[in-house]
Each structure stands twice: as structure tokens, then as C-alpha cells.
Amino acid sequence: MELRRDILCQQRKADTVATGITEMAAMIRQEKPIDDLPAKLKLSPGGMLDIEFFAQYLVLAHAANHGELLQPTRVIDILAKAVQLNLIEQETGSLLTNAYRQLTVHRKLWELRQVNDQMPLTQQQLTQTQQAIQQIMGA
């Protein structure tokens, strides 16, 4: 745990981190085909990958001065902490959080539909799925 903290809390230039993350996202998009809905939701510009990388940017660029960013590990929790620390505006945090939640739900629903086409879900599985979606949406 200390090694993680030491690495993530190194002082970094924000523009260097942004460049590195942008380059990494571009490499991932080049390597991975965007041939189905989950891939589109994850990899398309403005999709889940960009929001996840933005959260990681916040940690890498600001953890040296804001160690509190290391405590949350989920993307939406990192965004909420960044708002709390005034690293991003409330409106930006809310927009990204809502987008990430909706993209996640759409991706999971598509995956479930694929599974359900091959093997229909039981009522208990459907109920559990609905509860999981509600939890993702923050209900």
C-alpha cells in the first residue's frame, strides 16, 4: 500500500500527465476494434475510457498535493472527491458522473441481452440485475 502511495504521490506536471494519458488512450483505440456496442460505449471519444482516464489524470496530477484522491478507487468516487477538493467544478463532476453511470448501465444491459438471448435469466437474476443497475445509478 505504501508503494502505491509513493508512486501515485510523486510530483508531476499536469500537462505532462495529460499528454501521456491522451497518447495512451489513442494507442488503446488503435489496438482495439470498435465493432460492437460495448466497445463503442467504452472506446469512442467521450466514452467510458475518456472519463476513466480523466479520473486517473486527476489522481496522477494532483495526488502529491491532495493525498485524499488515493482513497476512492471507483471513477465516480474520484470525480466526487475532485469536486470536493475544488479540482473540478461541481457541474463538470456531475456531468461526467452521470455520463459514466449511464454508459455503464447501457453497456451492462447490452451484455445481459446477449447472455439472455443464449440463456434466459430467471426472475431472481432479473431482480438482482435491476438492483445492481439501481445501485450503479445511485438510486
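Visitor: Let us start with H4 and H5. Which hand does the crossing of H4 and H5 have?
Guide: H4 passes H5 in a left-handed crossing. The model is a predicted one.

Visitor: At what angle do helix H4 and helix H5 pack, and how far apart are their axes?
Guide: Helix H4, residues 48–62, and helix H5, residues 75–84, pack at an angle of about 50 degrees. Their axes are 9 Å apart.

Visitor: Are H4 and H5 roughly parallel or oblique to each other?
Guide: They are oblique. Angles under 35 degrees count as roughly parallel and 65 to 115 as roughly perpendicular, and the angle here is about 50 degrees, so H4 and H5 fall into the oblique class.

Visitor: Which residues meet there?
Guide: From H4, the residues are Ile51, Glu52, Phe54, Ala55, Gln56, Leu58 and Val59. From H5, they are Val75, Ile78, Leu79 and Ala82. By class, this contact of H4 with H5 has nine nonpolar residues, one polar and one charged.

Visitor: Glu52 is on that list. Is glutamate 52 buried or exposed?
Guide: Glutamate 52, which has its place in helix H4, is buried, with a relative accessible area of 14%. The cut-off for buried is under 20%, which is why glutamate 52 is placed in that class.

Visitor: What does glutamate 52 touch, leaving out residues up to four places away in sequence?
Guide: Glutamate 52 touches Lys42, Val75 and Tyr100. Val75 is also one of the H5 residues in the contact with H4.

Visitor: And where is arginine 74 relative to glutamate 52?
Guide: The two are 22 residues apart in sequence, and their C-alpha atoms are 9.1 Å apart in space.

Visitor: Now the other partner of H4. How do the axes of H2 and H4 cross?
Guide: Helix H2 covers residues 14–31, and its axis comes within 10 Å of the axis of H4. The two axes cross at roughly 150 degrees. Angles over 145 degrees count as roughly antiparallel, so H2 and H4 are roughly antiparallel to each other.

Visitor: Is that crossing of H2 and H4 left-handed or right-handed?
Guide: The crossing of H2 and H4 is right-handed. The contact of H2 with H4 divides into 12 nonpolar, one polar and two charged residues.

Visitor: Which residues make it up?
Guide: H2 supplies Ala14, Val17, Ala18, Ile21, Met24, Ala25, Ile28 and Arg29. H4 supplies Leu49, Asp50, Phe53, Gln56, Tyr57, Leu60 and Ala61. Gln56 is also listed in the contact of H4 with H5.

Visitor: What about leucine 60, how accessible is it?
Guide: Leucine 60, found in helix H4, counts as partly exposed, at 23% relative accessibility.

Visitor: With which residues is leucine 60 in contact, beyond four places in sequence?
Guide: Leucine 60 is in contact with Leu8, Gln10, Arg12, Val17 and Ile21. As for leucine 70, it is 10 residues from leucine 60 in sequence and 9.5 Å away in space, C-alpha to C-alpha.

Visitor: Change of topic: the loop between H5 and H6. What is the phi of asparagine 86?
Guide: Asparagine 86 has a positive phi of about 60 degrees, although it is not a glycine. This residue is found in the loop between H5 and helix H6, which spans 90–118. Asparagine 86 counts as exposed, at 68% relative accessibility.

Visitor: Is glutamate 89 buried or exposed?
Guide: Glutamate 89, which lies in the loop between H5 and H6, is exposed, with a relative accessible area of 59%. Its C-alpha atom is separated by 10.0 Å from that of leucine 79, and the two residues are 10 apart along the chain.

Visitor: Finally, the whole chain. How many helices and strands does the chain have?
Guide: The secondary structure comes to seven helices and zero strands. Of the 139 residues, 29% count as buried.

Visitor: And how much accessible surface does the chain have?
Guide: The accessible surface comes to about 9,200 Å², and 53% of that belongs to carbon and sulfur atoms. Concerning contacts between residues at least 6 apart in sequence, 57% join residues at least 24 apart.

Terms used: Residues numbered from 1 in each chain as written. Predicted model: local features only at pLDDT ≥ 70, side-chain atom pairs only at ≥ 80, totals over all residues. Heavy atoms only, no water. Helix = DSSP H or I, 4+ residues; strand = E, 2+ residues; numbered from the N terminus. Buried < 20%, exposed > 50% of the residue type's maximum accessible area, 1.4 Å probe, protein only. Contact = heavy atoms within 4.5 Å. Areas by Shrake-Rupley, 256 points an atom, 1.4 Å probe, with all protein chains shown as cover. Axes fitted to C-alpha atoms, helices over the stretch in contact; angles between N-to-C directions. Left-handed = near helix turned anticlockwise from the far one by under 90°. Nonpolar A, V, L, I, M, F, W, Y, C, P; charged D, E, K, R; others polar.
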